[in-house]
Amino acid sequence: FNIQTITGRFNIKQWFLISLLLRLIVMPFTVHGDMFHIYNVPHFFSHGEWNAYEIAVEKYITYYPPFAMIFFAFVQLIFRLLFHDFEEFTHTLGFLGEKALYESEHLYLSLFLMKLPYLVFDCLLILTCWKMLPGCKRKHDFMVFWAVNPIVIYSAYMFGQFDIIPSFFVILSCYFSLQKGKGHYACLSLAAGCLFKLFPIVFLPVVLLISSRNMKDFVRLSFYGIIPILFFYGIFYLVSGEAVFKLLSIVSDISRAKFSFDMKLLIFRICQAVIYFLICFHAFFYREKLNYTLLIQYFLAVCIALLWEVNLPATHYFIWIIPLIILYIQEHPEWKKPLYFLMLIIFLAGLKPRTGTLGIFAPINPELFLSFPSLKDVTGFLFDQKTYDIIIGLLFKGITGIWALVILKNLYYTSNKPVAAIREVFKRNNPLQQKKI
């Protein structure tokens, strides 16, 4: 049994088709309640209820950033012109419970159409990653890992969350960052991603340091990354008032709740800050000699530090890092086995509710699949659940922490010799050195 022999039997186009087939198979028959919420609030917006954020706060606590509202409203507007059954199904999202929705005769078609936009961004992400990879062999290997990746398939096409959309914009920003004269596109990509979900904004300082040639350039590119966000939030603020900022206030409250002067948490925060500083420092002084191999390591290290903040059972968040990891292992194949172990940890942490385990197949037979125990039911029966969660959390932070340290070691102590490059920069910019010369 040789996995290389099996994967090598199919060329890159065949793996692309396999990728599409695997996603198309599960799209109509799986769902989590999050997907109904994703389409529910924009349904009001698509019917002219411009204060949709106020409706969201009154009924469901909050909704995602403005581009998510606009995009999913637009999707519904297009699909209801083509499929009357889809409009009938989405119209009932706010009035019927999940069990009643499972009995809808339009369920399978509607679930398929709801997830179809993800497939578009999936393909765009693949094409963008191919542009950053040299040679057909690496493009082929990337396609294999992406096609069968369980986190991608589960998060987007079974669970139904749309994190693949902002993840695409992060990858697009990574691509544009090294394209001459296209730094503004990199910043606009991050702004677009941030208007779907908030996390892409953390990459903006890195992109600015890479793409800027002077302070004027830095300020100009900052506008590309910030003004679109302020503009769209401002428009919705004029209509819905403070309701549009509800998500930001929730995130802020969670961050304040997590912050304390507990020594362990303080050390943890310092580690995040150190990783971020070292990446930005290296990016600034080495930007003249950057390539995609280095840039992917920057983005991956920042994403690792970011994911230490998220709720580990929320499996769909980890689609943020998967494209970066797969790109990384094309240059560092020794990290394939740690990747497999990391994905196992993510699923061991995430399959807690019944609706997210076998209950995700509830559209096929809700009574049957929702009756199966979740992973938490099993682990809670076999072990002390609190101890289990702590161990899984430590394993995740341990392997990702080691990964981040290896990246920093590669950046600062390998053949790239960034320290020597930094010294050269200081020499060129130091007037005293110039006088001596």
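I started with R23, which counts as buried because its relative accessibility is 0%. A reminder to myself: this is a predicted model.

**Entry 1: the partner of R23**

Which residue does the side chain of R23 meet in a salt bridge? The partner is D122, with N to O at 2.7 Å. I then checked where the two sit: R23 is in helix α2 (residues 12-26) and D122 is in helix α8, so the pair ties together parts that are 99 residues apart in sequence. Is D122 buried or exposed? D122 comes out at a relative accessible area of 1%, so I put it down as buried. The cut-off I am using for buried is under 20%.

**Entry 2: helix α8**

Since D122 lies in helix α8, I looked at the helix itself. Helix α8 covers residues 107-132, which is 26 residues. At 1.5 Å a residue I expect a span of 38 Å, and the end C-alpha atoms are 39 Å apart, so the two values agree. I also looked for a kink. Where does α8 bend? The bend is at L116, by about 30°. A proline, P117, follows within four residues of that point.

**Entry 3: helix α3, for the same length check**

I ran the check on α3 as well, residues 33-46. With 14 residues at 1.5 Å each, α3 should span 20 Å, and its end C-alpha atoms are 20 Å apart, so this one agrees too. How many of the 14 residues of α3 are buried? I get 12, so "mostly covered" goes in the notebook, going by the under 20% cut-off. Among the buried residues in α3 are F36, Y39, F44 and F45, along with N40, P42 and H43. G33 and S46 are on the buried list too. After α3 comes G48, and I noted its positive phi, near 90°.

**Entry 4: D163**

D163 is placed in the loop between α10 (150-159) and α11 (164-177). D163 counts as buried because its relative accessibility is 1%. What does D163 touch, leaving out residues up to four places away in sequence? The contacts are K197, H316, Y317, I319 and W320.

Then the polar part. The side chain of D163 makes a polar contact with that of W320 at 2.8 Å. Another polar contact, at 3.0 Å, joins the side chains of D163 and K197. The K197 pairing also qualifies as a salt bridge, the closest N and O atoms being 3.0 Å apart. K197 is in the loop between α12 (183-194) and α13 (204-211), while D163 is in the loop between α10 and α11, so the pair ties together parts that are 34 residues apart in sequence. I checked the lysine as well: K197 has a relative accessible area of 8%, so it is buried.

**Entry 5: one more salt bridge**

How many salt bridges does the structure hold? The total is 9. I picked out another of them, between the side chains of D217 and R220, at 2.8 Å N to O. Both are in helix α14 (residues 215-240), and because they are 3 residues apart, about one helical turn separates them. On accessibility, D217 is buried at 14%, whereas R220 is partly exposed at 39%.

**Entry 6: aromatic pairs**

My search of the whole structure turned up 47 aromatic pairs. How are the rings of F284 and F285 arranged? Their centres are 4.9 Å apart and their planes are at 80°, so I call the pair edge-to-face. F284 is partly exposed at a relative accessible area of 34%, and F285 counts as buried at 15%. For F383 and Y388, the ring centres are 6.2 Å apart and the planes are at 10°, so this pair is stacked. Here F383 is partly exposed, with a relative accessible area of 47%, and Y388 is buried at 13%.

Definitions and conventions:
Residues are numbered from 1 along each chain as its sequence is written. This is a predicted model: local features need pLDDT of at least 70, side-chain atom pairs count only at pLDDT 80 or more; totals for chains, interfaces and linings use all residues. Side-chain values use heavy atoms; hydrogens and water are left out. The expected span of a helix is 1.5 Å times one less than its number of residues. The bend at a residue is the angle between axes fitted to the seven residues ending there and the seven starting there. Buried means under 20% relative accessible area, exposed over 50%, partly exposed in between (1.4 Å probe, protein chains only). Contact means heavy atoms within 4.5 Å. A polar contact is a pair of N or O atoms within 3.5 Å; within protein, one must be able to donate a hydrogen and the other to accept it, and residues adjacent in sequence count only if both atoms are side-chain atoms. A salt bridge is a side-chain nitrogen of Lys or Arg within 4 Å of a carboxyl oxygen of Asp or Glu. Rings of Phe, Tyr and Trp (its six-membered ring) pair if their centres lie within 6.5 Å; planes under 30 degrees apart count as stacked, over 60 as edge-to-face and the rest as tilted.
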